[in-house]
Amino acid sequence: MAGAALIVGTGPGLSASLARLLSAEGYDVTLVARDTAKLGALRDETGATLQAADATDASAIGRIVDALPGPLRIAVYNASARVRGPLPDLDPADVRRAVDVTAFGAFVTGQAAARRMLAQDPEAGCRGTILFTGASAGVKGFPQSASFAMGKFAQRGLAQSMARELHPQGVHAAWVNIDGAIRNPGRTEASPDSMLDPDAIARAYLGLVRQDRSAWSSELELRPWVEKF
């Protein structure tokens, strides 16, 4: 095996594509979700290990990371939450929960993965790669999406801080701005190629993992070619 790969916040879109690709590349994949009942087919297809946990539960995520087989080479945080609506009408408790999932959960996974990676030997000059799935909301806030902007801005800041601290120690950290809708099951495209292909995104993530440490990216923006700037 190439080592362990961890995906936190697993669903049927990007996470599933990552699981298939990383499994095919020889990684021992572990998928984390609050509800793993719908991941049985993906487990059977990829040979992945399923772990049920809340992404904001530091103890649970820590135990999962500590129990991973072999060196942890890849950790991806995909979990996020949002509350839509006019700012005056938002429930503060709902906003807190959304920010916790998007931002604090990213910290929980990032911290646990960094601890594991810093304690292991490097491979091709890299101890491991930690990737955060971001969004254009981490670059600019949109109307009626305050909680998502708060979470993604915080997540982006976390990734920037981690990159500056961990890159010199051999751990590659990066934030990926998914600037558009992902072509997930059940979604309908308004026009051809108006959504990002999750398999293509997964290949871009693997490209980050394979970067030479002399030219590591700390941020990457992915967007459909037909979208207007």
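This dialogue explains how several features of the predicted model may be read.

User: How many helices and strands does the chain have?

Analyst: Helices (H or I, at least four residues) and strands (E, at least two) are DSSP runs, numbered from the N terminus. Here the chain has six helices and seven strands, and along the sequence they follow the pattern β-α-β-α-β-α-β-α-β-α-β-α-β.

User: What does the radius of gyration of the chain show?

Analyst: The radius is taken over C-alpha atoms, and the globule rule is 2.2 Å times the number of residues to the power 0.38. For 229 residues a compact globule would have a value near 17 Å, and the chain agrees because its radius of gyration is 17 Å. Along the principal axes, its C-alpha atoms fill a box of roughly 50 × 40 × 35 Å.

User: Is helix H1 enclosed or open?

Analyst: Buried means under 20% relative accessible area, exposed over 50%, and partly exposed in between (1.4 Å probe, protein chains only). Helix H1 covers residues 14–24, and eight of its eleven residues are buried, so the helix is largely enclosed by the rest of the structure. Among the buried residues are Leu-14, Ala-16, Leu-18 and Leu-22.

User: Which elements do the buried residues of H1 pack against?

Analyst: Contact means heavy atoms within 4.5 Å. The partners include strand E1 (3–8), strand E2 (27–33), helix H2 (40–46) and helix H6 (198–209). Just after H1, Gly-26 takes a positive phi of about 95°.

User: In which sense do E1 and E2 pair?

Analyst: Two strands pair if DSSP finds at least two bridges between them. E1 and E2 pair in the parallel sense over six bridges, with Ala-5 opposite Val-29 in E2. Strand E2 is mostly covered, six of its seven residues being buried.

User: Where does Ser-136 lie, and is Ser-136 buried or exposed?

Analyst: Ser-136 lies in the loop between E5 and helix H5 (146–166). Its relative accessibility is 14%, so Ser-136 counts as buried. Leaving aside neighbours within four places in sequence, Ser-136 is in contact with Phe-142, Asn-177, Ile-178 and Asp-179.

Conventions:
Residues numbered from 1 in each chain as written. Predicted model: local features only at pLDDT ≥ 70, side-chain atom pairs only at ≥ 80, totals over all residues. Heavy atoms only, no water.
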